[in-house]
Amino acid sequence: MSPGHAADAVVPADLNLLRTFLAVHRSGSFTAAARLVGLSQPTVTSQIRALERQTGRELFERQPRGVTPTPAADELAARIADPLDALAAVTGAGTGPPSAAEPVHLGGPAELLCTLVLPALAPLIAEGVRLRVTPGLTEPLLDELRAGRHDLVIATDRPRGRALTAVPLGDEEFVLVAAPVWADRLAGRLAVEGPSALHGVPLVAYAEDLPIVRRYWRHVFGRRLTCRPALTVPDLRGVIAAVTAGAGFAVVPRYLGASGLASGALVLLDEPVDPPINTAYLVQRPGVVGPAVALVRERLLASAREW
């Protein structure tokens with residue numbers, strides 16, 4: 001056998017070591033991998049050392065926070081990932097009904113979860129799927145996903161890097177709204193004066209730094225936002241409630257304001273030809289993680305077409 005094929009010939013027979021290796025490679029941490037495979041961290045460390053002895057290669061460089069795979073680890077992961085994932089899918093299919101499986105852990109924006117996601121998933125719960133939902137901001141949720149605390153995360157930004165699998169879930173359109181009392185006072189002025197017509201109207205916002213409102217101003221009006229919020233509440237449902245009660249104006253996702261707009265409790269102050277849109281992504285924890293997760297994923301992708 002030629003020296004060039006020596007590395008290909010060294011294929012450890014112990015599937016447990018390979019599964020642990022793949023969990024470390026995907027999560028970037030012995031601690032996170034331990035949670036993924038249900039082992040203690042010392043056991044994960046011992047298994048990786050055993051695998052390094054079998055392959056004769058260093059597989060991970062230890063860092064202050066986590067580990068970095070070596071080229072040898074990347075090569076090994078590329079060779080074994082598909083077969084191990086396929087094996088996990090086959091063995092997972094015989095674990096019984098969804099109710100007997102581990103709960104599916106799902107994270108995402110609180111407003112989207114409560115307004116659209118949970119109603120879409122309700123039939124699965126009735127069929128026996130167990131679900132654990134965590135609201136939060138995208139970046140912390142993605143960090144927790146990498147660490148194995150979630151199976152799926154709905155993210156408002158596409159995750160960086162190749163460690164996570166992300167597919168577009170749907171677009172949310174942002175709209176400028178107020179209660180009829182303010183809309184009547186502003187009638188026709190926005191078209192003539194532009195956004196300066198709103199200077200005397202209180203701004204209700206999600207956060208002090210006004211990320212959604214600033215984006216609307218840049219995209220629609222082509223200028224920098226200069227006003228400060230009169231009220232901030234870190235839940236867009238609270239923003240809608242305050243604006244509906246006459247507190248002022250806001251920029252919100254259309255799906256959250258849809259019922260108010262339909263009933264007349266809210267009024268569109270502006271209808272741009274090209275409204276700002278943000279894409280939400282469904283992000284999955286690396287590897288095959290069971291039939292219940294697949295059911296939740298497919299139901300979300302199918303339901304999102306009607307959102």
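**Entry 1: strand 9 and its partner**

I began with strand 9, residues 249–253, in this predicted model. I looked up how far the strand is covered, and found that 5 of its 5 residues are buried. Strand 6, which spans residues 165–178, pairs with strand 9 in the antiparallel sense. I noted 5 bridges between strand 6 and strand 9.

Phe-174 is among the residues that lie nearest the centre of the second largest pocket, together with Pro-109, Thr-156, Glu-172 and Asn-278. The lining of this pocket comprises 35 residues. I looked up which elements supply two or more of these lining residues, and listed helix 6, helix 7 (138–146), strand 6, helix 10, helix 12 (254–263) and strand 11 (277–284). Which of the elements gives the most to the lining of the second largest pocket? I found that strand 6 does, with 6 residues. The volume of this pocket is about 860 Å³. By residue class, I recorded 20 nonpolar, 5 polar and 10 charged residues in its lining.

**Entry 2: the largest cavity**

Rolling a probe the size of a water molecule over the atoms shows where empty space is left. I noted a count of 1 cavity of 30 Å³ or more. The volume of the largest cavity is about 50 Å³. I wrote down its lining residues: Ala-205, Tyr-206, Ala-207, Leu-210, Pro-211, Ile-212, Val-213, Leu-236, Val-239 and Val-251. Two helices, helix 10 (211–221) and helix 11 (236–244), each supply at least two residues of this lining. Helix 10 gives the most, with 3 residues. How many of the residues in the lining of the largest cavity are nonpolar, polar and charged? I recorded 10 nonpolar, no polar and no charged residues.

**Entry 3: strands 3 and 4**

I then examined a parallel pair. Strand 3 (residues 104–108) and strand 4 (residues 131–135) run parallel and are joined by 5 bridges. Between them the chain passes through helix 6, residues 110–126, and I noted that this β-α-β crossover is right-handed. Within the pair, His-105 stands opposite Arg-132 of strand 4.

**Entry 4: Gly-28**

I looked up Gly-28 and located this residue in the loop between helix 2 (15–27) and helix 3 (30–37). With neighbours within four places in sequence left aside, Gly-28 is in contact with Gly-66 and Val-67. I also looked up the separation between Gly-28 and Glu-127, which are 99 residues apart along the chain. Their C-alpha atoms are separated by 35 Å.

**Entry 5: Arg-297**

My last entry concerns Arg-297, which lies in helix 13, residues 291–304. Why does Arg-297 count as buried? Its relative accessibility is 19%, and Arg-297 therefore counts as buried because the cut-off is under 20%. Apart from neighbours within four places in sequence, Arg-297 is in contact with Leu-152, Val-167, Leu-282 and Gln-284.

How values were computed:
Residues numbered from 1 in each chain as written. Predicted model: local features only at pLDDT ≥ 70, side-chain atom pairs only at ≥ 80, totals over all residues. Heavy atoms only, no water. 1 Å grid on protein atoms, 1.4 Å probe; cavity = no way out; pocket = protein on both sides within 12 Å on 5 of 7 lines; lining within 4 Å. Points joined across faces, edges and corners; volume = space filled by probe spheres on them. Helix = DSSP H or I, 4+ residues; strand = E, 2+ residues; numbered from the N terminus. Nonpolar A, V, L, I, M, F, W, Y, C, P; charged D, E, K, R; others polar. Pairing = 2+ DSSP bridges. Right-handed = clockwise from strand over helix to strand, strands pointing away. Contact = heavy atoms within 4.5 Å. Buried < 20%, exposed > 50% of the residue type's maximum accessible area, 1.4 Å probe, protein only.
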